[in-house]
Amino acid sequence: MSVDVGAAVAQAHRTEWARVFATTAQMTRDLDLAEECAQDAFAQALATWPQTGVPERPGAWLTTSARNRARDVLRRESSFRRAMPLLVSDEAVPGPEDGLDDDRLRLIFTCCHPAIGRDAQVALTLRLVCGLSTAEVARAYLVQEATMAARITRAKKKIATARIPYRVPAPDQLGERLSAVLEVVHLIFTTGHVAPTGAQLVRRDLTGSAIRLARMLHLLMPNDAEVTGLLALLLLIEARADTRLSESGRLLLLSEQDRSRWDGQLISEGTALLTDALRRRAPTRYAVEAAIAAVHVEAPAWEETDWSEIVSLYGVLLQLWPSPVVRLNRAVAVGFRDGPAAGLDALAPLLADPALATYGYLSAVRADFLRRLCRWGEAAGAYEEALTLTDNEVERAFLTERLREVQAR
Amino acid sequence: MAKYLILIYGDEQQWEAMTPEERTVHDAAHGAFRAAAGSRVLGGHELALVPMSTTLRTDGAGGVTTTDGPFLEAKEAVGGYYLVEAKDLDEVLELAAKLPEVHAAHSGVEIRPIVEHE
């Protein structure tokens with residue numbers, strides 16, 4: 001098999017899996033059978049494309065192949081299959097009027113249904129919508145493959161038994177359900193952006209999956225400001241991905257990153273999406289977060305960062321999403337705008353917040369302010385505390401280096 | 001179509017403590033639920049308080065022992081149920097959200113799919 005065909009199949013897997021699987025599931029109304037047939041279609045592609053060449057529309061070829069296979073299996077096993085609970089979908093009823101009648105949307109709304117636990121929503125989305133193998137999903141979340149397989153199987157069983165519908169929610173529920181979908185996409189991205197444990201700082205498999213999901217949602221729901229805001233946010237953060245580590249693998253802070261290597265194409269795409277999101281309606285959570293990311297990428301140098309703007313955007317964000325982590329980020333920005341002493345003052349009320357009690361960034365931020373104030377002993381204590389709260393090896397190496405610096409003073 | 005059991009859980013003391021006015025409002029909400037659900041409600045009742053229950057278990061020697069009280073002691077008890085028929089979970093969720101117990105702080109409802117035996 002030529003490298004080209006292998007690459008074409010891999011590319012088709014990344015871009016077309018969701019459509020092939022979702023369309024087949026709509027026909028079979030059985031997630032396991034749809035998975036089997038979709039996988040089979042990609043195996044067929046690997047076997048036949050070297051002879052026939054890569055088809056003009058790989059997605060259509062794969063979908064047809066998966067559906068043909070499903071039709072054969074259903075004909076053969078019809079009596080057996082009938083005994084199993086099936087996906088509930090309303091074929092006869094047209095979908096919501098505004099063009100939301102798409103199998104991929106049906107699939108992602110089903111995977112992120114509120115009757116499924118958050119961990120299982122994430123696992124199902126990566127497995128069924130992104131097409132990651134169970135082993136890949138297990139690796140991403142550092143659990144045993146058997147554990148992840150059980151989690152996915154249980155969720156699929158619940159979809160069938162409780163009859164969680166394979167459907168885009170009705171307009172009166174769409175907003176709430178879409179928020180859950182976007183939270184799952186955002187969670188996949190943030191888990192990949194700073195992996196909670198392990199040797200790698202970034203898990204590109206996860207950030208890449210999250211961006212593909214956000215792109216798919218934006219393609220299917222181009223008029224939704226929250227979707228647009230989320231895609232803008234992910235792209236503006238991703239634009240800096242290549243500069244977050246030094247060549248020796250050390251964590252580089254925003255102030256140390258080589259801005260000339262930030263991805264200009266992602267920045268202009270993200271900025272255009274952000275402008276569009278803000279034009280559509282009053283700022284939403286993700287749009288404001290994207291605006292903060294945009295202020296960073298638009299500063300030609302760290303010293304030119306507009307901290308006043310960032311502080312006020314965090315103020316807006318707090319109104320929309322009053323989370324302790326947002327308060328912490330605002331305190332950091334205050335520390336850069338008004339100096340480390342002001343930053344420490346802004347941090348003070350957060351130290352007693354139980355929600356942040358095991359949040360390593362709080363200790364790391366406090367350590368940094370103390371270090372900049374030359375309060376070496378207290379800074380060392382705070383770095384030590386931060387070290388007890390992260391298992392990411394790249395972060396640990398960075399914090400250890402800082403700890404040695406302040407201990408040497 | 002599929003069947004679901006809606007189990008209504010709550011703190012019996014709080015149900016007991018309802019004033020006659022609160023009880024009237026509560027009953028009216030159940031009336032509204034039944035009206036909205038129509039023929040989709042296949043059955044449903046309020047249950048007598050937990051101290052009124054009787055439990056049967058094996059005595060481990062081939063016989064049965066009868067005891068006063070519930071199978072499981074818990075602060076929250078099942079106070080009633082509805083058996084409903086719907087085409088999917090979303091339809092049940094929409095209906096069940098109309099129940100007054102969903103909106104009181106001490107109570108909630110659990111939705112269990114019914115397993116059909118042919």
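Axes here are lines fitted to C-alpha atoms, for helices over the stretch in contact, and angles run from 0 to 180 degrees between N-to-C directions. Helices (H or I, at least four residues) and strands (E, at least two) are DSSP runs, numbered from the N terminus.

This is a predicted model, in which local features need pLDDT of at least 70, side-chain atom pairs count only at pLDDT 80 or more, and totals for chains, interfaces and linings use all residues. Residues are numbered from 1 along each chain as its sequence is written, while chains are lettered from A and ligands numbered from 1 in the order in which they are written.

Two packed helices are described by the angle between their axes and the distance between the axes.

| Helix pair | Angle | Axis distance |
|---|---|---|
| α8(A) (residues 171-193) and α10(A) | about 5 degrees | 11 Å |
| α9(A) (residues 204-220) and α10(A) (residues 225-238) | roughly 145 degrees | within 9 Å |
| α14(A) (residues 324-338) and α16(A) (residues 360-372) | about 15 degrees | 11 Å |

On the α8(A) side, A:L178, A:L182, A:V185, A:H186, A:F189 and A:H193 meet A:E226, A:V227, A:L230, A:L234 and A:I237 of α10(A). Residues count as in contact if their C-beta atoms, placed from the backbone, lie within 7 Å. By class, this contact has 8 nonpolar, 2 polar and 1 charged residues. Here Ala, Val, Leu, Ile, Met, Phe, Trp, Tyr, Cys and Pro count as nonpolar, Asp, Glu, Lys and Arg as charged, and the others, Gly among them, as polar.

Helix α10(A) is also passed by α9(A), in a left-handed crossing; that is, the near helix is turned anticlockwise from the far one by less than a right angle, whereas clockwise would be right-handed. Residues making the contact include A:A210, A:A214 and A:L217 of α9(A) and A:L230, A:L231 and A:L234 of α10(A). The contact of α9(A) with α10(A) divides into 8 nonpolar, 3 polar and 2 charged residues.

A:L328, A:V332 and A:G335 of α14(A) make the contact with A:Y361, A:L362, A:V365 and A:F369 of α16(A). Of these residues, 6 are nonpolar, 1 is polar and none is charged.

Chain A is also divided, by an automatic or database domain assignment, into domain 1 (3-82) and domain 2 (306-409). Their C-alpha centres lie 49 Å apart.

Now for chain B, which has 3 helices and 6 strands, in the order β-α-α-β-β-β-β-α-β from the N terminus on. Its C-alpha atoms fill a box of roughly 50 × 45 × 20 Å along the principal axes. Just after α2(B), B:G38 takes a positive phi of about 55 degrees.

Where the chains meet, 6 residues of chain B are in contact with 7 residues of chain A. The chain B side of that contact consists of 3 nonpolar, no polar and 3 charged residues.

Definitions and conventions. Contact = placed C-beta atoms within 7 Å.
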